[in-house]
Amino acid sequence: MSELHILDVGRADCTVLLLDTPDGSRCVVIDGGGKFYKGRRPLLEFLTGRGINTIDLLILTHLHQDHFGGFVHLVDKIAVREAVAPCGDLQFADCVYPVFGTQEYYREYHKFFQYLERSGAKLLSSIECAKRMFRFGDYMLECLYPLKNSTMRSVVYAMALCDQNLTEESMKWALDIHKQTCNEDSSIWLLKRNEEDLALFAGDSTDETLRAALCGHIITPHLQKLSHHGINSRYFSEYVQKILKPQILVVSVDEKNYNEDMNTQIAALCAAGKSNAHYTFQGDLTIQI
């Protein structure tokens, strides 16, 4: 039986799909969580605990450490056949890392993408996957965003930060825009089985981005992973929830960031979509699909 797992990784994202196909089980990972959570490495521990040594498709929705940090633990332990990310390897100018801070883990990002290249994984950019479907037997994973004409400014400015000749002024400019645009460039994915909408994964996309992705589609997923950990109304709306109507609305957040204001906001979203909420701090969510 195929399974969908959304792991408890704190205020971060990590989803594992184990999909049954005529050729055997296939493993898809969407985001890797942060580098550590409560001293643990949740993604690696999940995979090794299940005896999984190969990821068939790995997806990084956008360039934030709470989505890619956990990937570094896969190096030389878990094979990756195919990967989708906003861009490939990034090795920032030396002056950039101290400004970003060590907790952003971009040195670890560089290490992981070196591993992908060294091991021969096929790497696709998010923009290359616009409207693309990845098939796993009866299951299809469709890239709803970016669109073919998306500018992906966060990638443009991330690559600019790799220039070793950066001036302090140009670094600040590129860094500010990169940070401002990362979330709006999140890729958005829809898992389907035949014609049934199973799950919508929104990364940290803004409400505006999600509306653009949904334009021209009629989607009613069984499960929706809410954008941006349920924090900040720029990332979701009751209007969109009335359209999607997921049975389960998953909020990937820890107890530290959960509060009564969030509870009120999520309750309103659930009322609009006639949904039931699951907070990942309540534990990993596993459903058969």
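How are α5 and α6 oriented relative to each other? In this predicted model, their axes come within 8 Å and cross at roughly 150 degrees. Angles over 145 degrees count as roughly antiparallel, so α5 and α6 are roughly antiparallel to each other. Their crossing is left-handed.

**The helix pair**

Helix α5 covers residues 153-160, and helix α6 covers residues 168-181. The residues that meet are set out by helix below.

| Helix | Residues in the contact |
|---|---|
| α5 | Arg-153, Ser-154, Tyr-157, Ala-158, Ala-160 |
| α6 | Trp-173, Ala-174, Ile-177, His-178, Thr-181 |

By class, this contact of α5 with α6 holds six nonpolar, three polar and one charged residues.

**The sheet**

Seven strands form an open sheet. Their order is β8-β7-β5-β3-β2-β1-β16, and the pairing is mixed. Strands β8 (122-125) and β16 (285-288) are the edges, each pairing on one side only. From one strand to the next, the twist averages 15 degrees.

Within the sheet, β1 (residues 3-6) and β2 (residues 14-21) run antiparallel. Four bridges join β1 to β2. Leu-4 stands opposite Leu-17 in β2.

A helix also packs on this sheet: α1, residues 42-49. Helix α1 touches β1, β2 and β3 (24-32). The direction of α1 makes about 25 degrees with that of β2.

Note on methods: Residues are numbered from 1 along each chain as its sequence is written. This is a predicted model: local features need pLDDT of at least 70, side-chain atom pairs count only at pLDDT 80 or more; totals for chains, interfaces and linings use all residues. Side-chain values use heavy atoms; hydrogens and water are left out. Two strands pair if DSSP finds at least two bridges between them. Helices (H or I, at least four residues) and strands (E, at least two) are DSSP runs, numbered from the N terminus. Axes are lines fitted to C-alpha atoms, for helices over the stretch in contact, and angles run from 0 to 180 degrees between N-to-C directions. Contact means heavy atoms within 4.5 Å. Angles under 35 degrees count as roughly parallel, over 145 as roughly antiparallel, 65 to 115 as roughly perpendicular and the rest as oblique. A crossing is left-handed if the near helix is turned anticlockwise from the far one by less than a right angle, and right-handed if clockwise. Ala, Val, Leu, Ile, Met, Phe, Trp, Tyr, Cys and Pro count as nonpolar, Asp, Glu, Lys and Arg as charged, and the others, Gly among them, as polar.
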